[in-house]
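Subject: Structure for your review

Dear colleague,

Please find below the sequence and the structure that I am handing over to you. My findings follow directly after them.

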Amino acid sequence: MAIIITDECINCGACEPECPNTAIYEGADDWRYKDGTALTGKIVLPDGTEVDADAAQTPVSDDLYYIVPSKCTECKGFHEEPQCAAVCPVDCCVPDDNHVESEETLLARQSFLHNE
């Protein structure tokens, strides 16, 4: 499953540089599929949706740091545990019950994001 940042977040920013997929953004910041990945131009996501990897996407949160579920791999393929949760001083990076995924799905996403 993806990780979510709860409203206990103190906006310290410790999590953002730790994400190997650049799936974490500051509140109100636009995000892009190309950020921190090998994706560029028109792409077809694993769910069949066609998007422009270079295009700005709407922020998930306007107030707090947030994690883009479709870019989160729980650090599978990079680390033994989610790095955002490992560095969070207030333990607000937790599993997102709304985005439950298997390890196989997370590894496939990691491969898709980084063209491996």
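Read along the sequence, the protein chain follows the order β-β-β-β-β-α-β-α, that is, two helices and six strands. Please bear in mind throughout that this is a predicted model.

Overall dimensions

The C-alpha trace of the protein chain spans about 35 × 30 × 25 Å along its principal axes. The radius of gyration is 13 Å, which agrees with the value near 13 Å that a compact globule of 116 residues would have. Of these 116 residues, 40% count as buried. The accessible surface comes to about 6200 Å², and carbon and sulfur atoms contribute 45% of that area. Among the contacts in the protein chain with a separation of 6 or more, 74% are accounted for by residues 24 or more positions apart.

Nonpolar cores

In soluble globular proteins, nonpolar side chains tend to be buried together. In this model, the largest nonpolar core has 16 residues. The residues with the most contacts inside this core are Ile5, Cys15, Ile24, Ile67, Cys84 and Cys93. Apart from it lies another core, of eleven residues, which includes Tyr33, Val51, Tyr66 and Leu113.

Ile24 deserves a separate word. When residues up to four places away in sequence are not counted, Ile24 touches Ile5, Cys15, Glu16, Cys19, Tyr65, Tyr66, Ile67 and Cys84.

Leu106 and Thr73 are 33 residues apart in sequence, while their C-alpha atoms are 4.8 Å apart.

Cysteines

How many disulfides does a search of the whole structure find? The search finds zero. Two cysteines illustrate why, given that a disulfide requires two cysteine sulfur atoms within 2.5 Å. For Cys19, the closest cysteine sulfur belongs to Cys75 and is 6.0 Å away, which is too far for a bond. For Cys92, the closest cysteine sulfur is that of Cys88, at 3.5 Å, and this is also too far for a bond. Both residues are buried: Cys19 has a relative accessibility of 15%, and Cys92 has a relative accessible area of 3%.

Backbone points to inspect

Ala28 has a positive phi of about 75 degrees. Ala28 is located in the loop between strand E2 (24-25) and strand E3 (42-44), and at 43% relative accessibility it counts as partly exposed. Asp91 has a phi near 55 degrees, again a positive value in a residue that is not glycine. Its place is in the loop between helix H1 (83-87) and strand E6 (93-95). Is Asp91 buried or exposed? With a relative accessible area of 60%, Asp91 is exposed.

Yours sincerely,

A colleague

Methods. Residues numbered from 1 in each chain as written. Predicted model: local features only at pLDDT ≥ 70, side-chain atom pairs only at ≥ 80, totals over all residues. Heavy atoms only, no water. Buried < 20%, exposed > 50% of the residue type's maximum accessible area, 1.4 Å probe, protein only. Helix = DSSP H or I, 4+ residues; strand = E, 2+ residues; numbered from the N terminus. Core = buried A, V, L, I, M, F, W, Y, C linked by side-chain atoms within 4.5 Å. Contact = heavy atoms within 4.5 Å. Rg over C-alpha atoms; globule rule 2.2 N^0.38 Å. Areas by Shrake-Rupley, 256 points an atom, 1.4 Å probe, with all protein chains shown as cover.
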